[in-house]
Structure formats: structure tokens, C-alpha cells
Amino acid sequence: MLTNKGKYGLKALTHLAGLPAGETAQSQEIAEANQIPKKFLDAILGELRVAGIVRSKKGKGGGYMLAREASQISVGNAIRVLDGPLAPIACASHTAYQPCLDCPDVPGCTVRLLMRRVRDLSSNLLDNMSVEEMRRAGGGEQELTYSI
């Protein structure tokens, strides 16, 4: 499940994607426009900055901006930065795999196999969706489309 941290991060990225090229937005502005607690947003933007997804600029005209084009930022990457692996359970994760202590047959576990399919479908959708595509769809400009 997407946490509030992930949801707020995606809202902030969408907000920044809607800015004219080279323009910045202060965290207070982003927070107010998206009903996000400012202190929480500051921490989220800090994590996105460390990950190289956003940049910050100090001084007059300062604020936050995307570190690269919105079309080059995958939603899946942003979610992983903020919320961790996309797999619904640890034994289905590529990057944070941990076997279940109560599972006698890890390779044949039907729950694990199903959750791997869920992980793969989620990853495919989110990794192939850019922040720009998400922004345009949210503004009613286009329908989010994907195939399974």
C-alpha cells in the first residue's frame, strides 16, 4: 500500500512538473496547494533531493524544482525512494527479499508466487509511467493507459 509519504511525494513531484521550465516552488506553496503538512513535506523533499529527483535552490527565487525532465522520472523510482520496495510481502521482493520464517516450501509457496505476479504487474506499470504522464492524466489531459 502506498503510504502518505509516497502519496505526498507524488503530489509534490506532480506540482513541480507543472511549473514552467527553470521555475522553482517553495515547500510552503507546494504544501498549501496539495494539503500536505509542511514539516512532513520538507522531509520528503529532502529525501527526493538526496536521491537526485529534485534540486533545491537557496536565496531569492529559491525553492524546489525537478532535477531532470518530468518525462524522465519514473513514478516507480520515486515510490521506491520514499516507501521502499514495491513487493507486497518481503519474500516476493527483488531488492529486499526475506524468506518467511513460517514457510516450509519457499520455491513452491503459492502466496509468494501470487505476490511476485502482483509485484511484477505493479513494477511494470509504475516503472513505465513518468511523472509527466501522471501529471497530464491528473489534469484531465489524458487517460492513464497501460496494458497487462
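1. Which side chain meets that of arginine 119 in a salt bridge? The partner is aspartate 120, with N and O 2.6 Å apart. A salt bridge here is a side-chain nitrogen of Lys or Arg within 4 Å of a carboxyl oxygen of Asp or Glu. Arginine 119 counts as buried because its relative accessibility is 5%, while aspartate 120, at 37%, is partly exposed. (Buried means under 20% relative accessible area, exposed over 50%, and partly exposed in between, with a 1.4 Å probe and protein chains only.)

2. The model is predicted: local features need pLDDT of at least 70, side-chain atom pairs count only at pLDDT 80 or more, and totals for chains, interfaces and linings use all residues. Residues are numbered from 1 along each chain as its sequence is written, and side-chain values use heavy atoms, with hydrogens and water left out.

3. The structure holds six salt bridges. One of them joins the side chains of glutamate 47 and lysine 5, at 2.8 Å from N to O. This pair links distant parts of the chain, since glutamate 47 lies in helix α3 (residues 38–50) and lysine 5 in helix α1, 42 residues apart. (Helices are DSSP runs of H or I with at least four residues, strands are runs of E with at least two, and both are numbered from the N terminus.) Glutamate 47 is partly exposed at 29% relative accessibility, and lysine 5 is partly exposed at 22%.

4. Glutamate 132 forms a salt bridge with arginine 136, and their closest N and O atoms are 3.2 Å apart. Both residues lie in helix α6 (residues 131–138), four residues apart, about one turn of the helix. Glutamate 132 is buried, at 15% relative accessible area; arginine 136 is partly exposed, at 26%. A network of salt bridges links Glu132, Arg135 and Arg136.

5. Helix α1 (residues 4–17) packs on helix α4 (residues 75–83) at an angle of about 135 degrees, and their axes are 9 Å apart. (Axes are lines fitted to C-alpha atoms, for helices over the stretch in contact; angles run from 0 to 180 degrees between N-to-C directions.) That makes α1 oblique to α4. (Angles under 35 degrees are roughly parallel, over 145 roughly antiparallel, 65 to 115 roughly perpendicular, and the rest oblique.)

6. Where α1 and α4 meet, Lys5, Gly6, Gly9, Leu10 and Leu13 in α1 contact Val75, Ala78, Ile79, Leu82 and Asp83 in α4, contact meaning heavy atoms within 4.5 Å. These residues divide into six nonpolar, two polar and two charged. (Ala, Val, Leu, Ile, Met, Phe, Trp, Tyr, Cys and Pro count as nonpolar, Asp, Glu, Lys and Arg as charged, and the others, Gly among them, as polar.)
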